[in-house]
Amino acid sequence: MAGAIRHGVSPITDYDIFLFKQGTHYHLYEKMGAQKFTDSDGTEGVAFSVWAPNAQSVSVVGNFNDWNPDSHPLAARWDGSGIWEGFVPDLQKWELYKFHIKNSHGEYKEKMDPFSRAFELPPRTSSITHWSEYEWGDEEWLKNRGEKMSLNAPMSVYEVHLGSWRRHWNDGLSLSYREIAEELPGYCEDMGFTAVEFLPIMEHPFYGSWGYQTLGYYAPTCRYGTPEDLMYLIDSLHKKGIAVILDFVPSHFPTDDFGLARYDGTALYEHEDPRKGYHPDWGSYIFNYGRNEVRSYLISSAAFWIDVYHADGLRIDAVASMLYLDYSRKSGEWVPNIYGGRENLEAISLLRDMNSELFGRFKTIQTIAEESTDWPMVTRPVFLGGLGFGMKWNMGWMHDTLDYMSLEPIYRSWHQNQLTFSIWYAFSENFMLPLSHDEVVHGKGSLINKMSGDWWQKRANLRLLYGYMWAHPGKKLLFMGGEFAQGLEWNHDSALEWHLLQKDDFRGIQDWVRDLNNAYKKYPPFYELDFGNEGFKWIDCSDWQESIVAWLRKGKSDDEYILCAANFTPVPRYGYRIGVPRAGFWKEILNSDATKYGGGGLGNCGGMEAEMIGWHNMPYSLPLTLPPLGIVMFHFSTKNTEGQEEE
């Protein structure tokens, strides 16, 4: 039984208040909300605190006091911070609670704790007292994480929605965190992925939002288990050498009355003016990035998931919507900045501060921007004027490539620039190539059904797309189901179509993705110089009549190359000569038309010696067989010898 509330007992210091009001307190999760605390007399309990500067009164209610608002009133701090607090002795973990607020209008509202570590299962809305007691076992992973997350390392990301990756066959219910931990790490290891990216696992009231309508910025969704269960899943992935990237949504939050919206009766977390504070696309509120306390709240949340949950990176959602004041707005529907421009100066400042804090504090992690415009220097350091992200999704590459692959081959010759244009800007940012969940929802169809042609051609085109993607500069991201050519558009209420893997056609696609990942990790030219033009060279991008492109990838060594040649028509090409820079044996390491992948088996017999025939401004050349709707890749090293395996 909880004791009577006591005031003046708090983990929050005057220095905490100074940092909080200054907008530079990035450890708020250690101070605010419901903190396990021991007072000066050695009494254990929970110290509650909440920021509600315009409230007339605040109390904590819960199952420990029969939800009686008169039982445990909080007291406003003397320092003008707007924080209400109180210490409840003998209160334990897993207690339900809310903050009962008499707001600025005299209305009584029961609100969630913005810093809650756990929530009831939606549609119930109570916060839950919680503090982690999980014992991690990923010390070795964290010690070596810098090598895995480096920009010079291979990164192939498997994007996953936890509720629909797999489900119980008998009742259709989602797997729990711990059940997923028994399957996902091994699957990613087998498939050769280096990282998993989870769609937002932060608590969200509406399951159909996939987590992008976040309210629990410090709590994982309880739909799949406890916070410790999620930690176990992340721990299990780390033990298999798989990095974990979490989707993070600081761009907007839902309008639910029990949540952050008009928290103390005023626009506390959001803007009062709907031209700045309401998002027309998503029907949600936009954070007030110019308010220091909100900045501390959001940056602390970003740090929380890396610090407490051992995440290795954050993918920041909808960055473009944060950067532009006129995003999805017509003239007269937005407010210019102080210089009359459309740039959101407060959001820019927040993103820079967030990246500076995360990279300065954790060093070996990554942040990745989903930024869909040509905003400059997204992935350049803050001290150079950039936003400070580690990487950025290449949305232009995605749109151009999918548009091209949807064309019937007879029309592709007139659109070759859609393939080649991406190289013009490929090194302006540190790009990740995304084939994400956004491309297989809302009537867009699955990836396999975006491809042109009959069933054989669709599969060949999909293998060609993946081969082109894996050989293109930039890190890789593929949404779940794409690795085996799921036929249906993704549905968050259903599991993936795993039964398709009983058929050779789908296993062939899966085998191709597995082999692409393994080759990608094995050969440094695929990844070492991803973000510099010295790692890429066109051999020929001008043969638009036959829709063929050929290029070289190079790593840090001058004695190693990857040659890639792609034929985007269903017509095989025999003796197609391609120039190469070095004499010697060029070993065929990947061929999307191999029979094991469902292709016709046209290839180059494992490789060939370069001929001393100059071609494409190169001193040597190879007369290649280019399979229909196929891509072939060759590895050259001074260690290669004809007929012998590489060491």
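User: In what order do the four strands of the open sheet with E1 stand?

Analyst: The order is E1-E2-E5-E4, and the pairing is antiparallel. Helices (H or I, at least four residues) and strands (E, at least two) are DSSP runs, numbered from the N terminus. Two strands count as paired if DSSP finds at least two bridges between them. This is a predicted model, in which local features need pLDDT of at least 70 and side-chain atom pairs count only at pLDDT 80 or more, while totals for chains, interfaces and linings use all residues. Residues are numbered from 1 along each chain as its sequence is written, and side-chain values use heavy atoms, with hydrogens and water left out.

User: Which strands stand at the edges there?

Analyst: Strand E1 (33-38) and strand E4 (75-76) do; each has a single partner strand, so one side of each is left without a neighbour in the sheet. E1 is joined to strand E2 (residues 44-51) by six bridges, and Gly-33 stands opposite Ser-49 in E2.

User: Changing topic: how many residues has the largest nonpolar core?

Analyst: It has 182 residues, and Tyr-158, Phe-198 and Tyr-466 have the most contacts inside it. Helix H7 (residues 292-307) gives the most to this core, with nine residues. A second, separate core of 20 residues includes Leu-552, Tyr-576, Leu-626 and Phe-634. A nonpolar core is a set of buried Ala, Val, Leu, Ile, Met, Phe, Trp, Tyr and Cys residues joined through side-chain atoms within 4.5 Å. Buried means under 20% relative accessible area, exposed over 50%, and partly exposed in between (1.4 Å probe, protein chains only).

User: How many residues of strand E21 are buried?

Analyst: Five of the five residues of E21 (residues 475-479) are buried, so this strand is largely enclosed by the rest of the structure. Lys-475, Leu-477 and Phe-479 point one way, and Lys-476 and Leu-478 the other way.

User: And which strands pair with E21?

Analyst: Strand E10 (residues 156-160) pairs with E21 in the parallel sense over four bridges, with Ser-156 opposite Lys-476. Strand E20 (residues 431-435) is also joined to E21 by four bridges and runs parallel; here Met-432 stands opposite Lys-475.

User: What about E25, how many of its residues are buried?

Analyst: Six of the eight residues of E25 (residues 573-580) are buried, so E25 is largely enclosed by the rest of the structure. E25 pairs with strand E28 (residues 620-626) in the antiparallel sense over six bridges, and Arg-573 stands opposite Leu-626 in E28.

User: Now helices: at what angle do H4 and H16 cross?

Analyst: The axes of H4 (residues 184-191) and H16 (residues 504-522) cross at roughly 75° and come within 8 Å. That makes H4 roughly perpendicular to H16. Axes are lines fitted to C-alpha atoms, for helices over the stretch in contact, and angles run from 0 to 180 degrees between N-to-C directions. Angles under 35 degrees count as roughly parallel, over 145 as roughly antiparallel, 65 to 115 as roughly perpendicular and the rest as oblique.

User: Which residues meet there?

Analyst: Tyr-187, Asp-190 and Met-191 in H4 meet Gln-510, Val-513, Arg-514 and Asn-517 in H16. Contact here means heavy atoms within 4.5 Å.

User: Where else does H16 lie?

Analyst: H16 lies across strand E26 (585-591) and E29, running at about 140° to E26. Both strands belong to an open sheet of six, in the order E22-E23-E24-E29-E26-E27 with antiparallel pairing.
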